[in-house]
Amino acid sequence: QVQLVESGGGLVQPGESLRLSCAASGFTFHYYVMKWYRQAPGKEREWVAGVTQDGGVKNYADSVKGRFTISRDNRKRVVYLQMNSLKVEDTAVYYCKADPRGSNEGYWGQGTQVTVSS
């Protein structure tokens, strides 16, 4: 069955870094665009970053540009989110998502908690 399993979340202070991982199984990983979303308490889920099937094109929300980097390893079937210079407002549950080309109706992971303390 399809599985997306996030890991790497935790508690950090402002200005510190974390790297999230999402391990994929049960589908043809390299056919899918991979994305990261996040949802803070009381807020809508928002798109954070995306990377094309071959890793050649990356896009980011304005709120994280210059601080976060998305990448993927198709042999290992893993997508990463490197988060630097973390801010209190980055606190959220972070989810990975797999979408086939031209679709926004793909698979979701269960999420991993990131907490940036003040």
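The model is predicted: local features need pLDDT of at least 70, side-chain atom pairs count only at pLDDT 80 or more, and totals for chains, interfaces and linings use all residues. Residues are numbered from 1 along each chain as its sequence is written, and side-chain values use heavy atoms, without hydrogens and water.

**The sheet.** Select strands S1, S3, S8 and S7. They form an open, antiparallel sheet in the order S1-S3-S8-S7. Strands are DSSP runs (E, at least two residues), numbered from the N terminus; two of them pair if DSSP finds at least two bridges between them. S1 (3–7) and S7 (68–73) are the edges: each has a single partner strand, so one side of each has no neighbour in the sheet. Now zoom in on S1 and S3 (residues 18–25), joined by five bridges. Pick Leu4; its bridge partner in S3 is Ala24.

**The ring cluster.** Show Phe27, Phe29, Tyr32 and Tyr107, which ring pairs link into a cluster. Rings of Phe, Tyr and Trp (its six-membered ring) pair if their centres lie within 6.5 Å; planes under 30 degrees apart are stacked, over 60 edge-to-face, the rest tilted. Phe27 and Tyr107 make a tilted pair, 5.6 Å centre to centre with 45° between the planes. Phe27 lies in the loop between S3 and S4 (32–39) and Tyr107 in S10 (residues 107–108), so the pair ties together parts 80 residues apart in sequence.

**Charges over rings.** The criterion is NZ of Lys or CZ of Arg within 6 Å of the ring centre and within 35 degrees of the ring normal. Finish at Arg45, over the face of Tyr95 at 3.8 Å from the ring centre.

Notes:
Helices (H or I, at least four residues) and strands (E, at least two) are DSSP runs, numbered from the N terminus.
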